[in-house]
Amino acid sequence: MQHDVAVGHLDLAARVDEALAVQALAFGLSPEEVAVRRHIVLRHLVHPGARALGATTPAGRLVGFVYGLPNDRHQWWSTVVEPYLHREGNSSWLDGSFTITELHVHPDYQRRGLGRRLITEITDAASEDRSLLSAIDTESPARALYRHLGYRDLARGVVFPSAPSPYVVMGAELPLRR
């Protein structure tokens, strides 16, 4: 149950393999994709302002996590999404935003409010005025959650190299809606 799961600071570098195991289950990643993402996560964590929260059971099992960082136009993600945001007149969103890099909840713990708790708590601590994220450009429970919290589509059909599906970039003013 949700009340049995604690949400709090996560030393993501120390628990990266556990977090990626959750992501692999939630997102359907292959072992090869997990290996690539491990290096990416560890690289992100050295950026100033990067932080992570985890959802853990009383036994200490990690069942969800979120991490993000203040957006930087020189980071890879920003350079990929900028032309799409520019096309829609939304490139100014790349400034003064906290980017949600990853948010995943173990399938056995989904639809219990953990994703909502993770994203609202991490953005509540942000000093930026707004938040950005990217999601697969399809209707999904995750997209519905983001909309409910105040995120709106800023650019659709975003193609990341080697990603099999197009993405959408979404943005919201902070604090997120409750």
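**Entry 1: helix H1**

I began with what H1 packs against: its buried residues lie against helix H2 (31–44), S3 and S4. I note here that the model is predicted. I then listed the buried residues of H1 and got Val 16, Ala 19, Leu 20, Val 22, Gln 23 and Ala 24.

Next I checked the span of H1. It has 12 residues and reaches 16 Å from its first C-alpha to its last, close to the 16 Å expected at 1.5 Å a residue. I looked at what comes after H1 and found Gly 28, with a positive phi near 70°.

**Entry 2: Ala 24**

I picked Ala 24, which lies in H1 (residues 16–27). Is Ala 24 buried or exposed? Its relative accessibility is 18%, so Ala 24 counts as buried; the cut-off is under 20%. I set aside neighbours within four places in sequence and found Ala 24 in contact with Leu 29 and Val 34. I also took a C-alpha to C-alpha distance to His 104. Ala 24 and His 104 are 9.1 Å apart in space and 80 residues apart in sequence.

**Entry 3: His 106**

I moved to His 106, in the loop between S4 and H4. His 106 has 9% relative accessibility, so I log it as buried. Which side chain makes a polar contact with the side chain of His 106? I found Arg 61, at 3.1 Å. Not counting residues up to four places away in sequence, His 106 touches Val 22, Leu 25, Arg 61 and Val 63. Val 22 is also on my list of buried H1 residues.

**Entry 4: the sheet**

I traced the strands. Seven of them form an open sheet, in the order S1-S2-S3-S4-S5-S7-S6, with mixed pairing. The edge strands are S1 (6–9) and S6 (152–158), and each pairs on one side only. I get an average twist of 20° from one strand to the next.

As a reminder to myself: strands of a sheet pair through backbone hydrogen bonds, either parallel or antiparallel.

I went through several pairs in turn.

- S2 and S3 are antiparallel, with six bridges. Ala 52 stands opposite Tyr 67 in S3.
- S3 and S4 run antiparallel and are joined by seven bridges. Pro 70 has Phe 98 in S4 as its bridge partner.
- S5 and S7 pair in the antiparallel sense over seven bridges. Leu 133 has Met 170 in S7 as its bridge partner.
- S6 and S7 run antiparallel, joined by four bridges. Val 158 stands opposite Tyr 167 in S7.

**Entry 5: covered strands**

In S3, eight of the nine residues are buried, and I call the strand mostly covered. Why do I call S7 largely enclosed by the rest of the structure? Because six of its seven residues are buried.

I then placed H4 on the sheet. H4 lies across S1, S2, S3, S4 and S5, and it runs at about 155° to S4.

**Entry 6: cores**

I finished with the nonpolar cores. The largest has 27 residues. Which members touch the most other members? I found Ile 100, Leu 114, Leu 118, Ile 119, Leu 133, Tyr 146 and Tyr 151. The elements giving two or more residues to this core are strands S2 (51–56), S3 (62–70), S4 (97–105), S5 (130–136) and S7 (167–173), along with helices H4 (114–124) and H5 (141–148).

Leu 133 is listed among the core residues that touch the most other members. Leu 133 is also the bridge partner of Met 170 in S7.

Note on methods:
Residues are numbered from 1 along each chain as its sequence is written. Side-chain values use heavy atoms; hydrogens and water are left out. A nonpolar core is a set of buried Ala, Val, Leu, Ile, Met, Phe, Trp, Tyr and Cys residues joined through side-chain atoms within 4.5 Å. Buried means under 20% relative accessible area, exposed over 50%, partly exposed in between (1.4 Å probe, protein chains only). A polar contact is a pair of N or O atoms within 3.5 Å; within protein, one must be able to donate a hydrogen and the other to accept it, and residues adjacent in sequence count only if both atoms are side-chain atoms. Contact means heavy atoms within 4.5 Å. Two strands pair if DSSP finds at least two bridges between them. Axes are lines fitted to C-alpha atoms, for helices over the stretch in contact, and angles run from 0 to 180 degrees between N-to-C directions. The expected span of a helix is 1.5 Å times one less than its number of residues.
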